[in-house]
Amino acid sequence: MNGAPERQSIRPAVEAPALSTLEQPEVPAFEPNRWLRWLYTRFFRHMGIDERWSGVVRESAARGIVVYVMRSISVLDFLCLDYLLKRFRLPLVRFVNDLGLWILEPFGRGGRRLRLRRQIPQEEALARVLHEHESALLFLRRNPSWGERPTGQGLDVDLLRTLVEQQRKLDRPILIVPQTFVWTQRPPNKEPTIVDLLFGPSEWPGRIRVFLRFLLNFRNAQLRSGEPFDVRAFLDERQDLTDAEAADRIRYALLRRIERERQIVLGPAKKTAARIREELIRSPRVRRHIEAAAAESKRPVALVEKEVDRELRRLAAQMDPNTIGLFRRVLRWVFTRIYDGFVVDTEGIERVREAARRGPVILLPSHKSHVDYLVLSYMLSNYAVSPPLIAAGENLSFFPLGWFLRRGGAFFIRRSFSGKKLYSQIVSAYLRKILVEGWHVEFFLEGGRSRTGKLLAPKLGLLSMVVDAGLRLPSRRLSFVPISLGYERVIEEGAYTHELSGGEKSPEGVGGLLRTPRILRSRYGRLYIQFGDIFDLNDLLDEAARLRRDGASVDVRELSPPERRALINRIAHRVTYEIDRATIVTPAALVASALMSHDRRGIAHDELLERCGRLLAALQRQGARIARTVMRDDSQIVPPPDREAEGDVARVLMREESIEEALALFADAKLVVTAEADGTRVHSVPSERRLALEYHKNAVLHFFVPSALISTALSVEPASIAEPALRAQVSRLSRLFKYEFMYRADATFDAIFDDALARMIECGEVERLDGGLRRVEGSLVPVYARMLRTYFEAYRLAVRSLDLIGADAPIKRKDWTKQALARGRKGFLAGELELSESLSTPKLDNAISALHDLGLVRAAQTTLERGAAAADGESPSALARELERYL
């Protein structure tokens, strides 16, 4: 068929039955009696099903003949599949091999005939079913008997060979759809235990173990479907194979797909912590570093080995399925009490699952709360994806929390590797080891939690180790997954405000756990989990090849240090850009943006709704993801001809209930005060709470930054301004605030400027007049500019506080920050500073970094010195006047 040459076979090919299809007796499906049907419904209705499963099977049935395939013989798997096929009205099984269904004769009809063993051989029975264009179920292996190797045994009859033979004769393609039932939440053990010896290994369980798994886990069981295997397409591509060779290739591919789906749910086979430590210490790379450290310190090698073993004990995770199960139950109870629900990007979950089929995934979420450590693992396990190993700071390893986190998948690393060469190599070797084993890894690219709501600049240390491990493991295809975690309220809100105002950070400890009851009495709104575009290391290497002048392919072993650094920077900036792009616009962020950009003490409720609507329309124009709770439906806000009516159009499509919910959430946190006068509600933000509310505005500020910089430059011009002059001003401002905002990594400044300006002109916020540009009255230009006012005030305060640094005597950074904040509080009370959120430690720190680049200050890690450009005092004064101009 299809031009394939004739094959010689050591056995006669199975011919289709001589009777025509109409003359053959119909092969029946299995029909359980009412008692078995009751058991079906009682136990199998809880099955967690791959969302795409029914669609895959239905699409395959439309293309050709569906043959279901499972790894090993199981009556339980057959009964469950039979129930699901009938429930979803999918092609029913008309043939199954080697099941011994005679034991089910008392429970229904069709079981004995389904196999047709007593009438004709299995090969002929399968051929008959295929020629009737009906579906079959094939088990690939049988479970090992006592004393046999624990890898499953081949069957007496090779039915896949029959499948190949029949495909050469049939006019329709045969599509083999792998089915994987997962009845446990425990990954298999690398080393057999006494339970494995008595009841069969986890991968090939005996009947008693199957029965116990079913009773204990039927509510958490999963059905995963692999990609359909097109037999005709395979044979057309590999016409040189005999039937037996083709069957072997197909069997291997199917077993790999089934095992891959199982590993996505359960994770890799588990090794004991002692075995992992032993393998690491004995690895050639680590041995070289141990011997070098021993020679350098003049200590015995055995003593250094003990030191490495101690460090690995402090470092390594000890993931335990029982602890994971306990975490799930406890977190479900806690999250239900404090959150109104999770909003999960389910399409993103499927992209993660697809990436996990290719190899280990590196999960890179934003870091805003200690809850981040728990929420991603909890969510992934709920969606049948094995939880990752998580890099956590050593400050969280205190007892008892550290004990539980370690068994939940956390491994603890020090904040700094400075001066610890051997420790750095231990961490690098451990990361390489867990990637080789097939574990997914999660860490926070920002290094620490963001206290401001904005993404922090990426820290490259751990990322460089992961990239180095990926470059040394070409057989493992690493995928990077940017993830945006968003909160309508964070549980650390009070602590963040304290630290931003100049207070000391409280160390983590048991005292924090004792505050848990107070947390459980509060509500924190919804939690949002969104995924950016996933990319893998191979793609980046291909990009690096295109960037090379000679266009030669990139050999990972030949990457120079500058090329490696460029690759790591490219990954870091792409991840941060994708996280920002994936950040969802929540009702809380929308309301906070409207309140914080208002220039008076309070805002009337109708005006707040109108501003929320206009900001929402602006966000939609930029392609931002909008929370479903904000919009009445998925329709876009179409700008009307009259730009002033845009807010009214947006209000029609915006759910005003979501705005009320956000206001109630802020009122509960005492961030917003609402008063009523003459029947009108007026909302205001207490000055001492603006710093806390700014956190929510900053969650979406990055969408507005290009437009806000242009608006700030336009706002100081009484008339129009020439485009080159505007471009120059915005370019200077963008460089000044480069430590505050992360701009697009895939575009130049000119491209970002042109895109933002074109969008503002198109939507009627800016107009061209007499060869220049000017803002349109009644547009959002003043609102955009207002969003950045706090940064201008903070940077002006930093410049004016440079006189606190002596001409010849450096000052400690902490002391300078405290004195600058004290001066700023005085200026706020005197009316020199308008916004209380300008008094922020991170803003002053970023301002010092910018002033260091300008040569006005020499900033070390702990001290500040006056820079060469500040010697005459004119440069700081000039910069202060420039900032004053924008205020």
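Accessible area here comes from the Shrake-Rupley method with a 1.4 Å probe, and for residues only the protein chains shown count as cover. By that method the protein exposes about 40200 Å², and carbon and sulfur atoms supply 52% of this area. The model is predicted: local features need pLDDT of at least 70, side-chain atom pairs count only at pLDDT 80 or more, and totals for chains, interfaces and linings use all residues. Residues are numbered from 1 along each chain as its sequence is written, and side-chain values use heavy atoms, with hydrogens and water left out.

Start with the whole protein. A residue is buried under 20% relative accessible area, exposed over 50%, and partly exposed in between (1.4 Å probe, protein chains only). Of the 887 residues, 54% are buried. The protein has 37 helices and 29 strands. These are DSSP runs, numbered from the N terminus: helices are H or I with at least four residues, strands are E with at least two. Now take contacts, meaning heavy atoms within 4.5 Å. Among contacts between residues at least 6 apart in sequence, 76% join residues at least 24 apart.

Next, go to strand 17, residues 526-531. How many of its residues are buried? The count is 6 of 6, and the strand is mostly covered. Its side chains point two ways. Arg 526, Tyr 528 and Gln 530 take one direction, Leu 527, Ile 529 and Phe 531 take the other, and all are buried.

Strand 17 has partners. Two strands pair if DSSP finds at least two bridges between them. Strand 16 (residues 479-487) pairs with strand 17 in the antiparallel sense, over 5 bridges. There, Tyr 487 has Leu 527 of strand 17 as its bridge partner.

Strand 25 meets strand 26 (residues 772-775) over 4 bridges, in the antiparallel sense. Within this pair, Glu 767 stands opposite Arg 774 in strand 26.

Another open sheet of 3 strands has the order 27-29-28, with antiparallel pairing. Its edge strands are strand 27 (811-812) and strand 28 (857-859), each with pairing on one side only. Strand 27 and strand 29 (residues 863-866) form an antiparallel pair over 2 bridges. Lys 812 has Thr 863 in strand 29 as its bridge partner. Helix 36 (residues 841-853) packs on this sheet and touches strand 28 and strand 29. The direction of helix 36 makes about 120 degrees with that of strand 28.

Now look at the loops. Most residues other than glycine have a negative phi, and most peptide bonds are trans. Arg 89 is not a glycine, yet its phi is positive, about 55 degrees. Arg 89 sits in the loop between helix 3 (75-87) and strand 4 (93-96). Is Arg 89 buried or exposed? Arg 89 counts as exposed because its relative accessibility is 74%. Lys 298 also has a positive phi, near 55 degrees. Find Lys 298 in the loop between helix 12 (284-297) and helix 13 (301-315). Lys 298 has 78% relative accessibility, so it counts as exposed.

A cis peptide bond joins Phe 399 and Pro 400, with omega about 5 degrees. Pro 400 lies in the loop between strand 13 (389-393) and helix 17 (401-407).

One more loop runs between helix 31 (723-736) and helix 32 (749-762), and Ala 745 lies in it. Ala 745 is partly exposed because its relative accessible area is 46%. Ala 745 and Ile 571 are 174 residues apart in sequence, and their C-alpha atoms are 10.0 Å apart in space.

How values were computed
Axes fitted to C-alpha atoms, helices over the stretch in contact; angles between N-to-C directions.
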